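Please read the points below with the structure open beside you, and check each one against it as you go. They are written as a note to a colleague.

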Amino acid sequence: MKPEVLQVAKLPPHVEKALEAAYIVHRYFDASDKDAVLAAAAPQTRAVATSGFSGCSADIVAALPKLEIVSSNGVGYDAIDVEACKARGVAVTNTPDVLNDAVAEMTLALMLALCRRIPQSDAYTRQGKWASQGDYPLTAELTGAKVGILGLGRIGKEIALRCQAFKMHVVYHGRSEQAYQPYSYYADLETMAREVHWLVVIAPGSASTTGIISRAVMEALGPTGNLVNIARGSLVDEPAMVELLQAGKLGGAALDVFADEPRPTEALFAMDNVVLSPHAGSATHKTRAAMGDLVVRNLAAHFAGAPLISRVA
Ligand code: NAP
Ligand code: 8YV
């Protein structure tokens, strides 16, 4: 008998194909009657396949008495109730490392777009304004600017390398100083924000990071500072950010993630000092293929009794 899996999120086609081949899949994510799917899955389901966005709630864990593993497509696992999993001895896996380059690349793309006003320049050119109104106004540049990274982890380090390639001065903040890093450490986030031109947020969503980019941190970043959030919307006090951007008390923001996805605060849509992206940091063919493979390989390892490839709990 094939093991049974509850599919909580829509997953890439190659993942769904692999799951269908190896398991009996209960399609929870696209069911009109989710309770009925959960009830049908409950007696025999041993695994959940999900995404970083959809996660796995304590209710789903509780509804599946034979659950052994939650395999998630994404490195961030803040939407998974890890404590509920741990309490039941349910393993949790994610997809670290394979997305570092894509997310770091997107970070620099957003920084360049904001700094050099690329979306606006593109619109200006397409609308024929170059001919009718003359050259587009001058912009700032990344070269020589100081960038503070909140979360010098796997992705943060790749962002740091790329910032160095742009001749930026890199510093960082985390809960503790890391040995052997070539970047200066700030023990205090607000102090770092006051001293940088760019603040890049790439720490996990968690109880300890919720609202860490507070009004005070953004005020410290100030009218000439730019906030880049590629981590999770939960890290930023979004109403304060919108207010400060509108008032010119925060210079600009490049945002890939939002408090309420997929519906960012509409006030952001009208702002010229903002660049928006629909949570697309890892959204390349190559990276999503590698992430999906990890989801499948973690499940396969589990059911083969082999060590899990990327276990977080
Ligand atoms: P990681 O390797 O675990 O690095 C996380 C970093 O955050 C560490 O350096 C850690 O340093 C720091 N950190 C953790 N808690 C902190 C706190 N309370 N205060 C200050 N710093 C803290 O994680 P990663 O693989 O780089 O991924 C980071 C996050 O990026 C993910 O969790 C996910 O939410 C997000 N992400 C977003 C996208 C996207 O598409 N936009 C894609 C992938 C990942 P210390 O332990 O020293 O504090
Ligand atoms: C995914 C992410 O798009 O890995 C993460 O933490 O945020 C992105 O790579 C997200 O997990 C949704 O599946």
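1. An oxygen atom of ligand 1 is 2.9 Å from a polar backbone atom of Ile 155, and since this is a predicted model, that distance, like every other value in this note, is computed from it. On the backbone of Ile 230, an N or O atom lies 2.8 Å from a nitrogen atom of ligand 1. Arg 232 takes part through its side chain, where a polar atom lies 3.4 Å from an oxygen atom of ligand 1.

2. How much of the accessible area of ligand 1 does the protein cover? On its own ligand 1 has 920 Å² of accessible area, and the protein covers 88% of it. There are 28 residues around ligand 1, and those that come nearest are Arg 154, Arg 175, Ser 208, Ile 230 and Asp 256. Sorted by class, the shell around ligand 1 consists of 13 nonpolar, eleven polar and four charged residues.

3. Turning to ligand 2, one finds 13 residues around it, of which Val 75, Gly 76, Arg 232, His 279 and Ser 282 are the closest. The shell around ligand 2 is made up of four nonpolar, seven polar and two charged residues.

4. Which side chains place a polar atom at 2.8 Å, 2.7 Å and 3.0 Å from an oxygen atom of ligand 2? For Arg 232 the distance is 2.8 Å, for His 279 it is 2.7 Å, and for Arg 288 it is 3.0 Å. Ligand 2, taken alone, exposes 330 Å², and the protein buries 86% of that area.

5. The protein chain itself is divided into two parts, with domain 1 made of residues 4-97 together with 286-303, and domain 2 made of residues 100-276. Where they touch, seven residues from domain 1 and seven residues from domain 2 take part in the contact. The C-alpha centres of domain 1 and domain 2 lie 32 Å apart.

6. The size of an interface is often given as the accessible area lost when the parts come together. For domain 1 and domain 2 the area buried between them is about 650 Å², with 46% of it on carbon and sulfur atoms. On the side of domain 1, the residues that lose the most area to domain 2 are Phe 53, Asp 78 and Asp 97, which together account for 64% of what that side buries.

7. What kind of link do the side chains of Arg 232 and Asp 78 form? They meet in a salt bridge, with a distance of 3.0 Å from N to O, and across the interface of domain 1 and domain 2 the rule finds one salt bridge. The count of residue pairs in polar contact between domain 1 and domain 2 is two. By class, the side of domain 1 that touches domain 2 has three nonpolar, two polar and two charged residues.

How values were computed: Residues are numbered from 1 along each chain as its sequence is written. Chains are lettered from A and ligands numbered from 1 in the order in which they are written. This is a predicted model: local features need pLDDT of at least 70, side-chain atom pairs count only at pLDDT 80 or more; totals for chains, interfaces and linings use all residues. Side-chain values use heavy atoms; hydrogens and water are left out. Domain bounds come from an automatic or database domain assignment. Contact means heavy atoms within 4.5 Å. Buried area is the accessible area (1.4 Å probe) that two parts lose on being put together, summed over both. A salt bridge is a side-chain nitrogen of Lys or Arg within 4 Å of a carboxyl oxygen of Asp or Glu. A polar contact is a pair of N or O atoms within 3.5 Å; within protein, one must be able to donate a hydrogen and the other to accept it, and residues adjacent in sequence count only if both atoms are side-chain atoms. Ala, Val, Leu, Ile, Met, Phe, Trp, Tyr, Cys and Pro count as nonpolar, Asp, Glu, Lys and Arg as charged, and the others, Gly among them, as polar. A residue is near a molecule or strand if one of its heavy atoms lies within 4 Å of it. Accessible areas come from the Shrake-Rupley method with a 1.4 Å probe; for residues, only the protein chains shown count as cover.
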